[in-house]
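This report covers the pockets, the contacts with DNA and the annotated sites of one model. The sequence and structure come first.

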Amino acid sequence: MGPFPEPKDLQTAMALQRSLAERVVLEGSLEGVRRIAALDASHRRGKPLVAVAVLYHLEKGLLCVGLGVVPEEALFPYIPGFLSFREAPAYLEALKNLPEPPEALLVDGQGIAHPRGLGIASHLGVHLDLPSIGVAKSLLYGRLEAPLPLEAGSAVRILSPEGRPLGYAYRSRKGVKPLFISPGHRVGLEEALAFVKHLPTRFRLPEPLRLAHLEAGKALRQLDP
DNA sequence: GCGACAG
DNA sequence: ATCTTGTCGC
C-alpha cells in the first residue's frame, strides 16, 4: 500500500484529501466480520502521541493491544479537518504491532462526514484498503435531519449542506450524548450504523473503542510518571 | 467578514 | 486530546 504521504502544507493536504475521497467506496456489508481493530489516541502537549490499536473479536472480546508512538516534533499540528495527517501515522505503527491483521477498522473520528469527504476513518480505510467506520464523539461537518430522540438506540441522519446523507447521530445509551457514525470505506451508510449497533456497549462508547481509549490513556501515563 | 471547528 | 474533586443523577 506504500508509505503514508505527509503533505508539506494545507493546500497540498487538501488536494490529497479530495483525490483520495474519490476512491472511497460507500457500499458493503460487514456481516461475517468478527475480528476488528479499534483505534484511539491520547497525548499531552510536549509529549509523544500514543496511538493504540485494540484487536477485538466480536465473540472472544479483547485479543491484544498494539502501540504506536510518534514524537511531538514529528507531528502534523491538529487542525480541524486534517486530523488524519496527525494521527494516522501513529495508528499505522500500532496496527503493525498486532499479531494478525483485522478484517475491519473502527476509528475514533469521522468517516465521510467531513468537509472533503475524507475523515480519518476513510483515509485509513482507503490507505489500507480495509472496510472502516468512523465513530466520533462530536460533529465536524453537516447537520442533523431532525432532533435526536432521547431513547437508547435512536438515530437520525447527518446531512451535508446540500442534503446528502453522510451518516447518523446515534444514541448508544439513555442519558448520554450522541455518537456520530459515518462510513469510512467499503461499507454502506445503513450497514455502518447496523454494525455499530450490534457491538457490545456497556457505556457511551462501543466496548472495542472504550478499551482502546483506556489503553491509550494507560500507555500515555506510563511514558514518564 | 462572521461563525464553525473530529482529536 | 489534556489539565482535575467532588458532585448530581439514573
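Predicted model: local features only at pLDDT ≥ 70, side-chain atom pairs only at ≥ 80, totals over all residues.

A residue is near a molecule or strand if one of its heavy atoms lies within 4 Å of it. Of the atoms of DNA strand B that come within 4 Å of the protein, 48% belong to sugar and phosphate. The surface near DNA strand B is made up of eight nonpolar, seven polar and two charged residues.

Residues are numbered from 1 along each chain as its sequence is written, chains are lettered from A and ligands numbered from 1 in the order in which they are written, and side-chain values use heavy atoms, with hydrogens and water left out.

## Polar contacts with DNA strand B

A polar contact is a pair of N or O atoms within 3.5 Å; within protein, one must be able to donate a hydrogen and the other to accept it, and residues adjacent in sequence count only if both atoms are side-chain atoms. Tyr78 places a polar side-chain atom 2.7 Å from a phosphate oxygen of DNA strand B.

## Largest pocket

Pockets are found on a 1 Å grid over the protein atoms alone, with a 1.4 Å probe; a pocket is an open set of points with protein on both sides within 12 Å along at least five of seven lines, and lining residues have an atom within 4 Å of a point. Grid points are joined across faces, edges and corners, and a volume is the space filled by probe spheres set on the points.

The largest pocket holds about 460 Å³. Its lining has 25 residues, with Tyr78, Leu83, Asp108, Gly109 and Gln110 nearest the centre. Two or more lining residues come from each of β1 (35-42) and α2 (83-96); helices (H or I, at least four residues) and strands (E, at least two) are DSSP runs numbered from the N terminus. The largest share, five residues, comes from α2. By class the lining has 11 nonpolar, nine polar and five charged residues.

## Annotated binding site

UniProt, in an unreviewed entry, places the feature "binding site" at Asp40 and Asp108; such annotations may be inferred rather than shown by experiment, and positions are given in the numbering used here, with feature names shortened. The two are spread over 69 residues of sequence but cluster in space, with a largest C-alpha distance of 5.6 Å. Both Asp40 and Asp108 belong to the lining of the largest pocket.

Asp40 lies in strand β1 and is buried at 4% relative accessibility. Buried means under 20% relative accessible area, exposed over 50%, and partly exposed in between (1.4 Å probe, protein chains only). Asp108 lies in strand β4 (residues 104-108) and is buried, with a relative accessible area of 14%. The side chain of Asp108 makes a polar contact of 3.0 Å with the side chain of Lys137.

Conventions: Nonpolar A, V, L, I, M, F, W, Y, C, P; charged D, E, K, R; others polar.
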